Amino acid sequence: MKFLAITLIADSPGAAEAGPGATRERFREVVDAALLAEELGFDGFGVGERHERPFLSSSPPVVLGHIAALTRRIRLFTAVTTLSLLDPVRAYEDYATLDHLSDGRLELMIGKGNGTAQRELFQVSPEDQWARNAEGYELFRRIWREDRVSAQPRFRPALSGAEVLPRPFQRALRVWHGSATSRESVDLAARHGDPLFSANVTHPIGPYAELIRHYRERWEHYGHDPARAVVGAGTAGYHAARTSQRAVAAYRPAFARYLAFHEQLGAAPVFPTLEDFVERSSALIGSPQQVIEKVHRYHEAFGHTALHLQAEAGGLAGADHRASLELFQSDIAPVLRRSIPDPAFPDPAFPDPAFPDR
């Protein structure tokens, strides 16, 4: 199993009123989280993309470009690139550039994206959003692979023998499809033989397991080898300590933020108590052995071989968060790496079996 640390760059409460210095500090926290993830041995670091409050993650390629300059090994992810809102030509230019600046450490997650405000900002109708996502990805994919492209897309001007520069560093970019509850994302991933990354953060396990089963069915329907299907899954939260009691007690401030966020949105939380959150959500909160056992339970339902954790403290004390990540890498990750083999991340030193001509 491989492990990503991911941030959506949620703004700190009151930061907008505090002025630009608070925003600058928030971005510095994200960069520090990426440096820590590389130091501790995480395989990837992901930055989300949102275009509405309370998020500052409107420009992942800029943030990841800065992180690329400060790191050497860790792979760089988007989580997710909202192609339903973007011009795929412009998105290609940004990410092909980042691919070179990172020496080929880039991987994308794409998705439709959520949020009414960001859809209105880009004047995208809910009726068109899925079609825009599929068309945007298919055009992005062609531009990445073809030196010149002719196309008559529905949602942007036509291309006639268009050469889009720079040409990428990686000949075949691994693109994950982020999915929360929609079969459209699952079908698009299966059709193109791409890996699926289940959000797995809002609900109990049932709906996510059903979508992953559907993905594997559609994967075979499109003629792909079942052994090549790759799945990743998120977690709703993470904190480990030597005892479960210490882990749960330390996580209470983070859970309070979870409740406050739902109150801000005017939505009832799916998991109303911390005990319910620990038991029924995908959150990994407890002793190292409890975390390992819960990942294995989810693996039985998902068959996933990649997992993401929250990169930032999110209400935890900074020292507690770092200690928890260190414990993950010392006591949890080695066990999961041995017990759940993972083909999902291409190693630059070896050919990727999914792309033998790389």
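**The cavity and its surroundings**

Mentor: Asn200, Gly234, Thr235, Ser282, Leu284, Val295, Tyr298, His304 and Leu307 line the largest cavity. On a 1 Å grid over the protein atoms alone, a cavity is a set of points where a 1.4 Å probe fits but cannot get out, and lining residues have an atom within 4 Å of a point. Please note that this is a predicted model: local features need pLDDT of at least 70, side-chain atom pairs count only at pLDDT 80 or more, and totals for chains, interfaces and linings use all residues. Residues are numbered from 1 along each chain as its sequence is written, and side-chain values use heavy atoms, with hydrogens and water left out.

Trainee: How many cavities of 30 Å³ or more does the structure hold?

Mentor: The structure holds 1 such cavity of 30 Å³ or more. The volume of the largest cavity is about 50 Å³, where a volume is the space filled by probe spheres set on the grid points, which are joined across faces, edges and corners.

Trainee: Which classes of residue make up the lining of the largest cavity?

Mentor: Its lining has 4 nonpolar, 5 polar and no charged residues. In this scheme Ala, Val, Leu, Ile, Met, Phe, Trp, Tyr, Cys and Pro count as nonpolar, Asp, Glu, Lys and Arg as charged, and the others, Gly among them, as polar.

Trainee: Is Asn200 buried or exposed?

Mentor: Asn200 is buried, because its relative accessible area is 2%; buried means under 20%, exposed over 50%, and partly exposed in between, with a 1.4 Å probe and protein chains only. Asn200 sits in the loop between strand E9 (196-198) and helix H8 (205-221). Helices (H or I, at least four residues) and strands (E, at least two) are DSSP runs, numbered from the N terminus.

Trainee: What lies 2.8 Å from a polar atom of its side chain?

Mentor: That is the backbone oxygen of Gly234. Not counting residues up to four places away in sequence, Asn200 touches several residues, including Tyr208, Ala233, Ser282 and Phe302; contact means heavy atoms within 4.5 Å.

Trainee: Changing topic, which residues have the most contacts inside the largest nonpolar core?

Mentor: They are Phe42 and Phe45, in a core of 60 residues. Helix H2 (residues 20-40) gives the most to this core, with 7 residues. A nonpolar core is a set of buried Ala, Val, Leu, Ile, Met, Phe, Trp, Tyr and Cys residues joined through side-chain atoms within 4.5 Å.

Trainee: And what does Phe42 touch, leaving aside its neighbours within four places in sequence?

Mentor: Its contacts include Phe3, Leu4, Leu309 and Phe328.

Trainee: How many residues of helix H7 are buried?

Mentor: In H7 (residues 183-192), 7 of its 10 residues are buried, among them Val186, Leu188 and Ala190. Their cover includes strand E5 (106-111) and helix H6 (129-145). H7 is followed by Gly193, whose phi is positive, near 70°.

Trainee: Where are the cis peptide bonds in the loops?

Mentor: One joins Ala79 and Val80, with omega about 5°, and another runs from Leu165 to Pro166, with omega near 0°. Val80 lies in the loop between strand E3 (75-78) and strand E4 (81-82).

Trainee: Lastly, what is phi of Gln123, and is this residue buried or exposed?

Mentor: Phi of Gln123 is near 55°, a positive value in a residue other than glycine. Gln123 counts as exposed because its relative accessible area is 72%.

Key:
Polar contact = N/O pair within 3.5 Å; in protein donor to acceptor, adjacent residues only side chain to side chain. 1 Å grid on protein atoms, 1.4 Å probe; cavity = no way out; pocket = protein on both sides within 12 Å on 5 of 7 lines; lining within 4 Å.
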